[in-house]
Amino acid sequence: MAFVLYACALTVATHWPQLDIGTETQPAPDKLLHLFAFGGLAFLLIQTRWLRRIWMAGILAVMWTLLDEITQALPVLGRQSSVTDILAGELGVALVVTWAWALGSIGGVANRTRLAQQHFLLAELFRQPRTWIIVASAALLGALITGGSIALAMKFVFTRYGGEQLTKILVAAMVGALAGTQVSLAGLLSRVAAGRVKQRPCFGCGASCSAVQFDSAGRGRCPQCDVSLQLGQWAEPMQLPLSAAARGVVPAVAFAGGMLIAGAVTLLVLLRLSRQFAWANDLIRTWHDFPPDMQTAVDLTAIALIAALAVRIYRRRQARLHDRQHLNCRACEHDLQGTPITQGVGVCPECGAPFVRFAK
Ligand SMILES: [Zn+2]
Ligand SMILES: [Zn+2]
């Protein structure tokens, strides 16, 4: 429903004759609006799950954006469409699709079960109005802190203030809002998780599975929705030590740092080449001719794409940690081969951390 309403509203808004947002002196950050508007469309389209794969939804959103911008150029409407408008919209789509992939399901059965548990607990949390209030307040607080400090820094350090600065403040506020959301959700989750998991809910339908019989490998079935269960699936959540949680951070940060350095080197090479070659010069001139908000949109997308890949690298490392939990202890890396396992569940003899061997 949200997708259909949003799609209708967006189509009307983008085709409204001679609509002009902003004023002469303070033009609206039009390109960023395009980026967020069509990114929002892609986000809601993915949420509908009408298309089985994320990339399929991505292709549809790309086509939609293209069509929307082309039809805006119809002379009757008195609106303008430009290549940069289309580019900004498509950047938004690319951003959302990449992040949906980066945060999507990953790893083998052990890690996927852990993620299913997380999704189940989150869904339960968001059924309570309290959660919405707490998360929204945390997001607002985060936005005020980051947006406010950037605004103050600009006012007192750079003593400049204009449309371009406003965009930067908005971007900073959004990052703060995301951080606030993340922190508040992590807090809420860790508070409810342990207690709720002890009641052995089915992660598929929520039915209680405390009366289910499990075979010698720890396999069982949900009495209500018949999904296959593993006795150890309720052994989570265990608190991984910081060293284990941080194991994926090093490669992720190394990747992000490497990409930023590669970007800087490319830029330097391009500047050097522009003295001799016309094409390099043209490329740099094209960039300078972009409106400032389009430059911000490109910068923002590049950074967000690198961040998405880094997140995916981190999550892949963590997935491996959980998928191999019956071979190497997640907490202390102790070799667990040969450790006794009953009904798929065992305990590390070195540190006492529980582990699960998921049956095939
Ligand atoms: Zn079930
Ligand atoms: Zn251990």
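With 12 C-beta neighbours inside 10 Å, Lys 155 counts as exposed. The term rests on a count of other C-beta atoms, placed from the backbone, within 10 Å of a residue's own: 20 or more means buried, 12 or fewer exposed, and anything in between partly exposed. Lys 155 sits in helix H6, residues 129-158. His 288 is 133 residues away from Lys 155 in sequence, and the two C-alpha atoms are 26 Å apart in space.

Before going further, here is how to read the model. This is a predicted model, in which local features need pLDDT of at least 70 and side-chain atom pairs count only at pLDDT 80 or more, while totals for chains, interfaces and linings use all residues. Residues are numbered from 1 along each chain as its sequence is written, and chains are lettered from A and ligands numbered from 1 in the order in which they are written.

**The chain as a whole**

The chain has 11 helices and 4 strands. These elements are DSSP runs numbered from the N terminus, with helices (H or I) of at least four residues and strands (E) of at least two. The C-alpha trace spans about 70 × 45 × 40 Å along its principal axes. Of the 360 residues in the chain, 27% are buried. Among contacts with a separation of 6 or more, 65% are between residues 24 or more positions apart; a contact here means that two C-beta atoms, placed from the backbone, lie within 7 Å.

Axes are lines fitted to C-alpha atoms, for helices over the stretch in contact, and angles run from 0 to 180 degrees between N-to-C directions.

| Helix pair | Angle | Axis separation |
|---|---|---|
| H1 (residues 2-15) and H2 (residues 30-48) | about 155° | 9 Å |
| H3 (residues 54-72) and H4 | roughly 165° | within 9 Å |
| H9 (residues 249-273) and H11 (residues 292-323) | about 160° | 8 Å |

Let us start with H1 and H2, which pack at about 155°. That angle makes H1 roughly antiparallel to H2, since angles over 145 degrees count as roughly antiparallel, under 35 as roughly parallel, 65 to 115 as roughly perpendicular and the rest as oblique. H1 passes H2 in a left-handed crossing; the crossing is left-handed if the near helix is turned anticlockwise from the far one by less than a right angle, and right-handed if clockwise. The contact of H1 with H2 has 9 nonpolar, 3 polar and no charged residues. In this grouping, Ala, Val, Leu, Ile, Met, Phe, Trp, Tyr, Cys and Pro count as nonpolar, Asp, Glu, Lys and Arg as charged, and the others, Gly among them, as polar.

Next come H3 and H4, whose axes cross at roughly 165°. H3 is therefore roughly antiparallel to H4, and their crossing is right-handed. Trp 55, Val 62 and Leu 66 are among the H3 residues that make the contact, and the H4 residues include Ile 86, Val 93 and Trp 101. By class, this contact of H3 with H4 divides into 10 nonpolar, 3 polar and 3 charged residues.

The last pair is H9 and H11, at about 160°, which makes H9 roughly antiparallel to H11. H9 passes H11 in a right-handed crossing. Phe 255 and Met 259 are among the H9 residues that meet H11, where the partners include Ile 313, Tyr 314 and Arg 317. The contact of H9 with H11 has 12 nonpolar, no polar and 1 charged residues.

**Where two domains meet**

The domain assignment gives domain 1 (1-102) and domain 2 (239-323); such bounds come from an automatic or database domain assignment. In all, 13 residues of domain 1 are in contact with 14 residues of domain 2. On the side of domain 1 that touches domain 2, H2 and H4 (83-102) each supply at least two residues. H4 gives the largest share of that side, 8 residues. The side of domain 1 that touches domain 2 has 9 nonpolar, 2 polar and 2 charged residues.

**A few residues to look up**

Ala 186 belongs to helix H7 (residues 163-198). Ala 186 is exposed because 10 other C-beta atoms lie within 10 Å. Arg 200 lies in the loop between H7 and strand S1 (219-221), and has a positive phi of about 55° although it is not a glycine.
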